[in-house]
Amino acid sequence: MLLKKKGYPGPGKTTIKSRAILVKNPVFMLAIALLICAISALGASLVKSGGGLLTVKQLKWETPSGYMQSAQLFIPKTATKETPAPAVVVVHGWGNSGETQTPNYVELSRRGYVVLAIDMYGHGDSDNLPANTWWDDGNGANGVYDGVKLLATLPYVDISQIGIEGHSNGAYSCNRAVLLDNEADKPLISSVLLECNDAFYTKDILYAQYFDESNANYENVYGGRNVAIVAAKYDEAFHRIRLSDGTISAPRDFINTSPAQSFLNFGKNPIGLEKRNSYSIYTENIDGEDAIRVIYNPSIIHGWAYMSTRVTYDFISFFQKTMPAPNPIAGGNQIWPWKIFFEAIGVIGILLFLVNFILVLLETRFFGVLKAQKPVLPTEVNRKGKAWLWGGLTINALFSAISFPIVWIAAQVFQPSWFNQWHPWVLGWWSLINGLFTLLILFLNYRRYAKVNGLNLRERGVILSRDKIWKTILLGILAVFSTYFVVFVANYFFTTDFRLWDLLTFKSFDAVKIPEILKFTPFFVIFYIINSIAMNVFNYVKIGKKEWINTLLMCICNTLGVIILLVVFYSYFLNTGLLPTDCLSWGLGTMIMWVYPMAATLPIATVINRFIYKKTCNPYISSIAFSLIVAIMICTTTLTYLIK
C-alpha cells in the first residue's frame, strides 16, 4: 500500500512517466547503446558468413612482392579438394579497404565462389609503399596479383577459373594484374570486371583520360579473357577521352566513344564497324576459346557503384556466366543490403554510446564539476545581433565552399612527405582554414556586438578554470577510448565494424596507424572546438518558439558550404555531362568526392555538441571527442604512403 501511495505502478506495469525517466537515465541509455551495437555486429556477421554456412578467415601474409598483405577469405562449404570452386579477388578503390566490397563478397560467396577481399598496399592493414610506386612490376599490381597467386595455391580453388574485380583504383590495379599475368609462364586470370575505371585500350596509353582519339593505336590487351566494364554515366573521374576535335567526351556518352567500341570489338579499330551497345554481350573465339566483352552503363555516380543493387546484379550475372557458380542464384536475389542495414544501426548505437558515456561520467564525483550549475538557455538578440548571426553564417558557408577547391589544389602542390596521407591532408587543412576564418568572425562579433550586449565568455563556458581544463580534455579522450573499445570488441568477436557507406566508418585498426592519427588530430581539434564555440556560445539564440529550431538551423548552416559545393558541381554535371573542373583537368573531378563525409559528420557534430553543451555549459568536451573520432575515421580508412 505504501508503494502504491508513492506512485509505484505495481508488478508488470510501467507508466509513461517512468518510461520517460528511463530514457533520460544515461546508464540505461548506455546499456541500450551497447545492445544496439551487439545486434548490429551479430546481424552483420550472420549476413557476412551466410548464416554460418561460410568459413570467413582474416588473413595477413608475406606476399611474393615482399610485403605483408591483409585480406578476408570467404570459403563456402562446397569448396573442397574433391570439388574445387571458382574464385574471385575483389578489390576496393583509392582510400578504402576490403570491407567496402561487401556486396561482391557476400553475393559471390553465397553462390559457392571462394572470394578474397584484399586490402591493397597502403590501405587497411596491409603494408605501405612509397608514394607513386604502387605500379612497379615488383609490387604485384598493388597486391591484386599477389592475391591471385595466393588463390592459385589453395587446394579447394579451381585454378582454371580465377577472376578479378575492382572498383576505381582497384579496377586499375586489376588492369595492371592482367599485364603481369600476360607475362606469366602460366596465366591465372580468366575473367575481369572493371568497375568505374577504364579498360586498357592499348599497351602504350594505360590511362584512358590521356587517350587521344586522333592518335589511336588499339589493341586487345586482355587476349582470350572474359572482360566487362561498369561505366557509370555520371562518373566524376573516368570514362572521358580527348576527341579528335580537341574537346572532352562526357562519361554519359562513353558507349559511343572509339575506345568503348574498340573494347567491344576485341581491340579492333572501330572505324567502319557496326556500333555495339551497352548491356549486350559480345563473343569472339580467341585462341580456341570463346571470350566475352560487355559494357554495363548505369546512370549513377562513381561512389555509388559499389553500393548499387543494379551494379551488383550485373556483377553476379557476369561471373555466373563466365565462371559458372557451384550454387547458382538469380542476380536479383541479394542479401547484402541487410549487412549495410545492420552496420548503419551500429553507427547509431556507437554515437549513442559516445554521448551517454560522457553523461554517465558527468554523474561521478570526479567529473561532476563539469556539469552545468544552471540551465543553459538560448540568448536573446536584437536586430543588430540577428544581423551578426545571419551575416556570419552566410559568410562562413560561402567561404567554406569557395576555399575547398583552392585548398584541394594547393594541397597537391605542397604536401610534405611527413604528412603521408592525402585525404586527411586536404580535409585537415580545409578544416583548419575554416576554423581560423570562423574565429576571425567570432572575434569581430565579440568586439562589435556581443561584449557590449552582455556576453560573458566565462559564464558561457569559453573560459574555464584550470581544474576544468584538464578534466575536460581527459573526459573527451576517455569517451573516444571507450567508444573504440566497443568497435574493437565487435571486430574481435564478429569481424565486423560500424559504418554508413563511406560517410561514417568506425573500424578497428592496427597500432601503426596511431602516429598518422596523432599527426592530423590537431587540424580537426582546432576546427571542431572553434565550430562548437560558434554554434553553442555565439549562435545559440532564440529563433521561434522552440529550442530545436536553432539546432536545426545550425545543422543546416554548418553543412551549407558542403551543400553549395555538391549542388554547384552536380547541377553542372547533370546539365552538361561534365564537371566544372573538366575544362582544367578531369582528374580534378575527384575533389568533390572528398567532401562526402563532411556532409554527414558536420550535422552530427552539431547535434552532439549542442546536446552536451546544454548539460555542461562547456563547448570543449564533445568537440574534443568528436574531432578525435573524425581524425581516426579519416586516417584509418585512407591511403597511407610509406615514409622513406
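**Close-up views of a predicted model**

View 1. Phe493 is exposed, with a relative accessible area of 59%; exposed means over 50%, buried under 20%, and partly exposed in between (1.4 Å probe, protein chains only). The model is predicted, so local features need pLDDT of at least 70 and side-chain atom pairs count only at pLDDT 80 or more, whereas totals for chains, interfaces and linings use all residues. Residues are numbered from 1 along each chain as its sequence is written, and side-chain values use heavy atoms, leaving out hydrogens and water. Phe493 belongs to helix H12 (residues 466–494); helices (H or I, at least four residues) and strands (E, at least two) are DSSP runs, numbered from the N terminus. Together with Phe485, Val489 and Tyr492, Phe493 makes a nonpolar surface patch of about 500 Å². Patch members have over 30% relative accessible area and no salt bridge; nonpolar side chains (Val, Leu, Ile, Met, Phe, Trp, Tyr) are joined within 5 Å, and like charges within 9 Å. Accessible areas come from the Shrake-Rupley method with a 1.4 Å probe, and for residues only the protein chains shown count as cover.

**View 2. The nine-stranded sheet.** An open sheet of nine strands has the order E1-E2-E4-E3-E5-E6-E7-E9-E8, with mixed pairing. Strand E1 (54–62) and strand E8 (282–286) are the edge strands, each pairing on one side only. From one strand to the next, the twist averages 15°; axes are lines fitted to C-alpha atoms, for helices over the stretch in contact, and angles run from 0 to 180 degrees between N-to-C directions. E8 runs antiparallel to strand E9 (residues 289–296), and five bridges join the two. Strands count as paired if DSSP finds at least two bridges between them. Ile286 stands opposite Glu289 in E9.

View 3. Glu284 and Lys268 form a salt bridge, with their closest N and O atoms 2.8 Å apart. Because Glu284 lies in strand E8 and Lys268 in the loop between helix H7 (258–264) and E8, the pair ties together parts that are 16 residues apart in sequence. Glu284 is partly exposed at 26% relative accessibility, and Lys268 is partly exposed at 35%. A salt bridge is a side-chain nitrogen of Lys or Arg within 4 Å of a carboxyl oxygen of Asp or Glu. The structure holds 16 salt bridges.

**View 4. Salt bridges of Arg499.** Arg499 meets Asp497 in a salt bridge of 2.9 Å, N to O. Arg499 also forms a salt bridge with Asp502, where the closest N and O atoms are 3.9 Å apart. Arg499 is buried, at 6% relative accessibility, and Asp497 is also buried. Asp502 is partly exposed, at 23%.

**View 5. Helix H4.** Helix H4 (residues 102–109) is largely enclosed by the rest of the structure, because eight of its eight residues are buried. Among them are Thr102, Pro103, Tyr105 and Glu107.

View 6. Cys174 is buried, with a relative accessible area of 0%. The closest cysteine sulfur to that of Cys174 is in Cys196, 13 Å away and too far for a bond. A disulfide is a pair of cysteine sulfur atoms within 2.5 Å, and the structure holds zero disulfides. Cys635 is buried, with a relative accessible area of 0%.
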